[in-house]
Structure formats: structure tokens, C-alpha cells
Amino acid sequence: MEIKFLDPFWFAVIGTSAWALTLKYIGHSVPMGWLSHPRIVKINSLIPIALLSALVAVQSFTKDSLIMADQRLAGIAVAVLALILRAPFPVVVISAAATSAALFHLG
């Protein structure tokens with residue numbers, strides 16, 4: 001397999017790296033006064049929740065770019081039920097994993 005250094009792939013890798021560096025620099029250059037505004041603080045506190053929710057949705061309901069309902073959906077249902085019942089976090093995780101694993105092995 002021959003590697004060509006003028007391949008468009010390398011331009012994309014270098015361009016993406018330069019763009020990431022630029023965004024990081026701009027992010028560190030934002031004045032603290034802007035970041036301490038109450039609306040910005042509230043938005044920044046919600047971003048991790050939105051990202052984690054999107055990750056859970058994609059990992060739970062898709063397989064090979066197809067939407068599926070399988071044992072993972074039952075695990076999430078058990079986790080939601082445990083959260084509604086205010087179970088401790090380790091109980092939520094273990095009960096969801098045990099449910100998914102049991103249904104997976106049962107067929």
C-alpha cells in the first residue's frame with residue numbers, strides 16, 4: 001500500500017488540526033467577564049448533560065447506523081425506573097447492566 005502525502009486525506013487531517021488549535025486559542029482568549037455572565041454560566045452547565053444524553057441515545061438505540069430496539073432499551077427502562085425510585089447511582093448502573101446482560105443471553 002502506497003502512502004501519498006499529497007492525498008486529500010492529509011489536507012483534511014492538517015486542516016482539522018489547525019482548526020482545532022485555532023478554536024482552542026480563541027477559547028482561552030475569551031475575557032473572564034464574558035464567561036461569568038449568568039446566562040453563559042447556565043448554558044455551560046447544561047452542555048455536558050446534552051452531550052451525555054446524545055451519547056446515551058446514539059449508543060442505546062443504534063447499531064451499524066440503524067435504529068434498533070433490543071436489550072439495551074430494557075436496560076435503559078430499568079435505569080429510568082431506578083432513578084425515579086431514587087436508587088443510588090451504583091444500583092442504577094448495576095441493575096441496568098444486569099437487565100441488558102440477562103436479556104442478551106436469554107436470546
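Which residues lie nearest the centre of the largest pocket? They are Val56, Ala79, Val92, Val93 and Ala96, among the 15 residues that line this pocket. The model is predicted, so local features need pLDDT of at least 70 and side-chain atom pairs count only at pLDDT 80 or more, while totals for chains, interfaces and linings use all residues. Residues are numbered from 1 along each chain as its sequence is written, and side-chain values use heavy atoms, leaving out hydrogens and water.

**The pocket**

A pocket here is an open set of points on a 1 Å grid where a 1.4 Å probe fits, with protein on both sides within 12 Å along at least five of seven lines; lining residues have an atom within 4 Å of a point. The largest pocket holds about 380 Å³ of space, a volume being the space filled by probe spheres set on the points. Helix H3 (38–61), helix H4 (71–84) and helix H5 (89–106) each give two or more residues to its lining. Helices are DSSP runs (H or I, at least four residues), numbered from the N terminus. The lining has 11 nonpolar, three polar and one charged residues. Here Ala, Val, Leu, Ile, Met, Phe, Trp, Tyr, Cys and Pro count as nonpolar, Asp, Glu, Lys and Arg as charged, and the others, Gly among them, as polar.

**How the helices meet**

Let us turn to the helix pairs. Axes are lines fitted to C-alpha atoms over the stretch in contact, and angles run from 0 to 180 degrees between N-to-C directions.

| Pair | Angle | Axis distance |
|---|---|---|
| H4 and H5 | about 155° | 8 Å |
| H3 and H4 | roughly 140° | within 8 Å |

H3 is therefore oblique to H4, whereas H4 and H5 are roughly antiparallel. Angles over 145 degrees count as roughly antiparallel, and oblique is what remains after under 35 (roughly parallel) and 65 to 115 (roughly perpendicular) are also set aside.

Contact means heavy atoms within 4.5 Å. In H3, Val56, Gln59, Ser60 and Phe61 meet Arg72, Leu73 and Ile76 of H4.
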